[in-house]
Each structure stands twice: as structure tokens, then as C-alpha cells.
Amino acid sequence: MTHSTDADYELFVQWLSPGGRVAALTGDAGEQVTIAALRREVEVNGSRYCTIRTLAGRPVGMVKFFRIGPEAYEISGAIGEDGLWTKGFGAEGFGLLIEHLFADLGAHRLQFRVGSHNRGMLDMVIRLRFFMLEGILRDRQLVNGERHDLLVWAMLRNEYEALFVRGEWESRPPAGPESSETNPERQLVREMLTNYLRSGVQTSLTAYQPETVG
């Protein structure tokens with residue numbers, strides 16, 4: 001993975017063009033992507049683009065990250081050729097980016113969003129189980145005239161260290177908030193939300209629960 005060049009930006013525009021298959025998968029369909037727009041993201045929003053290359057140096061994909069808060073980043077990416085979507089380039093590219101953000105930039109939280117229509121990306125994140133599903137934004141994306149949910153996934157530093165630093169593959173990070181909470185106000189809020197969820201109220205996850213799907 002390398003810093004993106006001017007020639008790489010030209011490829012990104014082709015991959016993310018409204019008519020491209022990659023655009024349909026990433027949810028960028030319908031948005032006019034230009035080199036100038038990508039450069040504005042870099043200059044105005046502080047976004048950073050990196051290019052995923054083969055060992056021979058051929059560009060096959062890209063990843064992007066930008067800061068969304070103190071020690072927090074949002075990441076995204078795409079593999080440009082559909083024949084390479086299941087070859088591991090995307091997983092390796094995201095893995096290198098995750099390591100860079102946590103180990104080199106001191107990140108505390110990473111998040112990314114993926115549309116419910118993006119079967120390839122969902123298959124990867126569900127299979128690897130590195131990220132935790134945090135929520136579902138209903139009907140958030142409009143792709144080719146159809147509305148799709150947008151799923152939000154995230155990884156915290158303690159989860160990264162457990163998985164990638166200490167190698168605790170069998171004992172996964174805890175699925176809920178840490179039990180060592182000492183802030184009374186935060187503890188009260190958590191209890192409120194716990195009771196709310198126990199009441200049986202519908203949430204954005206309801207449509208994906210077994211009794212609804214099956």
C-alpha cells in the first residue's frame with residue numbers, strides 16, 4: 001500500500017464514477033466524482049488516500065481515512081476490478097490501514113459504514129469479526145433507485161490490542177461496555193438504555209432478528 005499519485009486519482013475517478021460497479025457497491029452511485037473533488041476532500045476535510053497495489057506495483061484498489069473526532073477516524077475503501085473482489089486485497093489493505101491508525105497515529109476508535117447492498121464487504125466484515133456492529137441507519141442510501149440500510153461498524157483500541165497485539169483470537173474483546181464504569185451519570189444512562197431495550201421496543205436491528213427474518 002502506497003500514497004496515492006496523480007495517476008491513481010484518475011483510476012479512482014473511473015472506479016467511483018456513477019456508472020461503475022464499484023460505485024454501486026460503495027454507495028457513491030449518482031454522485032459525480034472528479035479529481036478536483038477528491039483533492040478538495042484532502043485539502044478541506046483532511047482526507048487521506050492510499051493505493052492498494054499488487055507485488056508487481058499494479059494499482060488494484062484504494063483506502064481512505066479522515067478524522068471525525070479526538071483520536072477517532074472513519075475509513076472506507078474499494079477494490080477497482082470486480083475480478084479481484086474476493087482475492088484478499090481489500091482485507092489486506094484494511095488491515096494495514098487499521099495498524100497504521102492505531103499504532104502510528106494513536107487512534108482510539110475506527111469506524112466505517114457499509115450499505116446493506118454491499119454483499120462482498122459485509123461478507124468480509126462478518127467473516128473476520130474484527131469490527132463490532134453498532135447500529136443500522138434505515139433507508140440511508142439510494143442506489144439505482146432502491147433504498148438500502150447503512151450499517152455502522154467500529155473498533156476500539158482495547159479491541160485492536162486484544163486481537164492484533166496480544167493475539168487473543170479465542171477470547172474476543174467484550175461485546176458490551178466495560179464493567180469498570182465509575183462515572184455515576186454514564187452508569188445511569190447505560191441503565192436507562194438497558195431498560196429501554198428490555199422493554200421490547202423496536203429498533204433498527206429488529207428487522208434483522210431471527211424471529212423477523214425466519
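Is Phe 94 buried or exposed? Phe 94 is buried, with a relative accessible area of 9%; buried means under 20% relative accessible area, exposed over 50% and partly exposed in between, for a 1.4 Å probe and protein chains only.

## Basis of the report

The model is predicted, so local features need pLDDT of at least 70 and side-chain atom pairs count only at pLDDT 80 or more, while totals for chains, interfaces and linings use all residues. Residues are numbered from 1 along each chain as its sequence is written, and side-chain values use heavy atoms, leaving out hydrogens and water.

## Nonpolar cores

A nonpolar core is a set of buried Ala, Val, Leu, Ile, Met, Phe, Trp, Tyr and Cys residues joined through side-chain atoms within 4.5 Å. The largest has 29 residues, of which Ile 75, Leu 101, Leu 110, Phe 112, Phe 131 and Trp 153 touch the most other members. Leu 110 touches residues including Tyr 73, Phe 131 and Trp 153, not counting residues up to four places away in sequence; contact means heavy atoms within 4.5 Å.

A second, separate core of 10 residues includes Phe 12, Trp 15, Tyr 49 and Ala 78.

## Aromatic rings

Rings of Phe, Tyr and Trp (its six-membered ring) pair if their centres lie within 6.5 Å; planes under 30 degrees apart count as stacked, over 60 as edge-to-face and the rest as tilted. The count comes to 8 aromatic pairs. In one of them, the rings of Phe 94 and Phe 112 have centres 6.2 Å apart and planes at 40°, so this pair is tilted. Phe 112 is also buried, at 5% relative accessibility.

Tyr 9, Phe 12, Trp 15 and Tyr 49 form one aromatic cluster.
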